[in-house]
Amino acid sequence: MKRLPLEGIRVADLTMMWAGPYATRILAEMGAEVIKIESPRAWDNIRTLIPLPGVEEPWNASYYFNDYNRDKKSLTLDLAHPLGRETFLRLVPHCDVVIENYRADVLENLRLGYEVLRQARPDIILVSMAGYGKTGAERNYVGFGPIIEQMSGLASMTGYGDDGVPFKTGISYGDPVAGKAAAAAVALALIARRRTGRGACIDLAQREVLSSLIGEAFVAASLRGEQPVHRGNRDPRRFAQGVYRCAGEEQWLAVTFRTRDEWARAAALLGIDPALPGGPADHDLIDARMSAALADRDPQDVFELLAGAGIPAGRVLDTVTIHDDPHLAARRFWVELPHPRMHPWKQPRTAWRLREADPWPRRHAPLFGEHNEEILRGLIGLSAEQVEELRREGVIGDAPVNPGVG
């Protein structure tokens, strides 16, 4: 029988927002049992960010939350309360991994640092994803994706707006790449533990992960003293390239001509005059002719025409048209999961396809505290009276305390 690679692994997930929950979603997709832990008084803010309008329980009806947290179980537990801390330490022996993305000092302030966790389970793996890491002058700052992006060096490559302010990428790019790095760190630590019997304490700074992705610019600056140049759609290593508007609302096609011969072949396919006078004005002329030729043409048709001829091209898909992309449909990339509080919508499946197993999203993100009884009584072994005491003390709950929206 085929098994997912992380079946049998249990993860205590203390993460919030995007980077951490994205990491643990990957672990869940790979077969791990992920227990998402939130306090009734300090829940994952993504639960109440852009929820489905007009619903009674907005914390259970957020698109963002359901995307980042599917295939997980929900345990509510206030770790700042003595009973919550004690209960968490009773859970740790049943877990292989604890992962958190608090500010660097929070876990220690809760008296749940690595040495404490090791007392509960000697071979525990702890992954800490503080924005700037556990050490250094900036360790206690809160690091959200947009801020991390500016401090990573990436903004120096994305150029400036008309007001002279640097552009960001449009998303909190530091979050998902840090999430993937954290998932990889867990996999490596599990492999090492299998060989050595020892756990691990991993200090993963999200800022450093993002900085490591722009190594070419760092090399140019450190070895040659070059400053990043905002080139737009013109790469000096290519003959010509551009992004051209096609038929339809905001439909575009990106094309690169690596050589003059590729330009001539594309011009023939598109019915464009290939002649160029030679010189710096050639690129402007190509842009004008391509823009005129593609203005009334379907971008998918032109993409297939040029790509079929070996000319690098690709559609600029927005978040609407990507759902109808024929290639992704053929690969069954989009899935719809039933949800008790929301209508189904298309979500991306896992990026990894394994020959040994075919990961597939299994269930919607958990409702708030949905698995309290299962975990507290079934896994940890608390009595009904102990669970009721946790509920009476506000340590657990089935709804956030005083939830807002946004």
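**View 1. Cys201 is partly exposed in this predicted model.** The relative accessible area of Cys201 is 47%. Cys201 takes part in no disulfide. The nearest cysteine sulfur belongs to Cys95 and is 16 Å away.

**View 2. Cys95 is buried.** The relative accessible area of Cys95 is 0%. Which cysteine sulfur is nearest to that of Cys95? It is the sulfur of Cys201, 16 Å away. A disulfide is a covalent bond between the sulfur atoms of two cysteines. To count as one here, the two sulfur atoms must lie within 2.5 Å. Cys95 is therefore in no disulfide, as its nearest cysteine sulfur is 16 Å away. The count of disulfides for the model comes to zero.

**View 3. The residues of strand β5 point two ways.** This strand covers residues 125-128. Ile125 and Val127 point one way. Leu126 and Ser128 point the other way. Are these residues buried or exposed? All of them are buried.

**View 4. Strand β4 pairs with strand β5.** Strand β4 spans residues 97-100. Four bridges join β4 to β5, and the two strands run parallel. Which residue of β5 is the bridge partner of Val97? The partner is Ile125.

**View 5. Strand β5 also pairs with strand β6.** Strand β6 is made of residues 200-203. How many bridges join β5 to β6? There are four, and these strands run parallel. Ile125 has Ala200 as its bridge partner in β6.

Methods: Residues numbered from 1 in each chain as written. Predicted model: local features only at pLDDT ≥ 70, side-chain atom pairs only at ≥ 80, totals over all residues. Heavy atoms only, no water. Buried < 20%, exposed > 50% of the residue type's maximum accessible area, 1.4 Å probe, protein only. Pairing = 2+ DSSP bridges.
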